[in-house]
Amino acid sequence: MSDRISFALNATDGTARAGVISTPRGEIRTPAFMPVGTAATVKAMLPESVAATGADILLGNTYHLMLRPTAERIDRLGGLHRFMSWDKPILTDSGGFQVMSLAGLRKLTAEGVTFKSHIDGSRHVLTPERSMEVQRLLGSDIVMCFDECPALPADKARIAESMRLSMRWAKRSRDAFGDRPGHSLFGIQQGGLEPDLRAQSAEALREIGFDGYAIGGLAVGEGQEAMFSVLDFAPDMLPADRPRYLMGVGKPDDIVGAVARGVDMMDCVLPSRSGRTGQVFTRRGVLNIKNARHQDDPRPLDAECGCPACRNYSRAYLHHVFRSQEIISSMLLTWHNLQYYQDLMQGMRVAIREGAFAAWEDAFHATRAEGDISRL
Ligand SMILES: [Zn+2]
């Protein structure tokens, strides 16, 4: 395999796209869903189990890992892939979003962000240069530019100012990243819900030049309708021959709508986090395993799913271990949810290649509208 990262767009159907990102650590089939492994683990899952669901790539969080166990320690131990025993590609975020959402006492300047750790109150600085260094020490295959995420709601002047700062940081990220064969750097489009700001941001990023382009600043509480209205124009502003990544999305119907609008990659904590709270995604919508209706039910969560939770266990058992707070509950429900998300992506990849995406999308919505199987 080549030591460069490349993207081949193999099929389009309307604005939906199917392709392959080739990296020295393996291929990423797109549209791709990336499970989130925040602290060097996808919670409740072995890495080989994550791979068994069909995931080609994981996401790791720069903010968490730089604080604990630190990027320098992970580097000394051979990098993040070896540390967490995952040899397929890893994408790391820049840390910017989590500094704004988790850290205390933040101070933002043109240089970067100073903040206090949410773990022990220690003081840290993140700049574009430091974010590139941390992501290099982690050994990330796909590195994200350091950007600023304005808290919403914000007025247009504030969003414009923030976007321009992020574009200056994108240039500094590009310069600090340098030339690293086998690793790629993605730029992040900002500009809120404003078409003119999104266009200016896309132009600034194209001028700098990146291996892929993310659509940032969405999935921050604006709602699906507003998000889709941006996705109706934003992906088309980005180079067609590079992967497009929608950060932090989302629910199954958000993902399907984003793919329909030309997005190639997504990540979200939802399937894994929901697995720990008893929320289960199925072809027929969402169910809550905690509900008493499942306590005598010998049927699987989802008869069409091939995961261990569905092959080997009943709803009654899954209800019991959830109510008893047994660890296997998180393991099985997380596996199932991740399997559901990967099956969803595989279904879309096949449909796009066959030119049948619209029919697939209709069937997806129709099956969900039927709701869960009737109570016994
Ligand atoms: Zn299952």
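Cys310 is buried, since 23 other C-beta atoms sit within 10 Å of its own (buried here takes 20 or more such atoms within 10 Å, exposed 12 or fewer, and partly exposed is in between, with C-beta atoms placed from the backbone). This is a predicted model, so local features need pLDDT of at least 70 and side-chain atom pairs count only at pLDDT 80 or more, while totals for chains, interfaces and linings use all residues. Residues are numbered from 1 along each chain as its sequence is written.

Cys310 has its place in helix 12 (helices are DSSP runs of H or I with at least four residues, strands are runs of E with at least two, and both are numbered from the N terminus). Setting aside residues up to four places away in sequence, Cys310 touches Pro300, Leu301, Asp302, Cys305 and His336; contact means C-beta atoms, placed from the backbone, within 7 Å. Two of these partners, Cys305 and His336, turn up again in the UniProt "binding site" annotation, from an unreviewed entry, which covers Cys305, Cys307, Cys310 and His336. These four are spread over 32 residues of sequence, yet they cluster in space, with a largest C-alpha distance of 7.9 Å. UniProt positions follow the numbering used here, feature names are shortened, and annotations may be inferred rather than shown by experiment.

Cys307, also in the annotation, lies in the loop between strand 16 (285–288) and helix 12 (308–312). Cys307 is buried too, with 25 other C-beta atoms within 10 Å. Beyond its neighbours within four places in sequence, Cys307 is in contact with Trp335, His336 and Gln339.

Now for the core. The largest nonpolar core has 102 residues, among which Met34, Leu58, Phe186, Leu246 and Met266 touch the most other members (such a core is a set of buried Ala, Val, Leu, Ile, Met, Phe, Trp, Tyr and Cys residues joined through C-beta atoms within 7 Å). Helix 14 (residues 327–353) provides the largest share, 12 residues. Domain 1 (6–265) and domain 2 (275–370) both contribute residues, so this core lies between them; the domain bounds come from an automatic or database assignment. Leu246 is in contact with Ile215, Leu218, Ala258, Val263 and Met266, leaving aside neighbours within four places in sequence.

Elsewhere, an open sheet of 3 strands runs in the order 7-8-9 with antiparallel pairing (strands pair if DSSP finds at least two bridges between them). Strand 7 (104–108) and strand 9 (123–126) are the edge strands, each pairing on one side only. Strand 7 is joined to strand 8 (residues 113–116) by 3 bridges, and Gly104 stands opposite Lys116 in strand 8.

Note on methods
Two residues are in contact if their C-beta atoms, placed from the backbone, lie within 7 Å.
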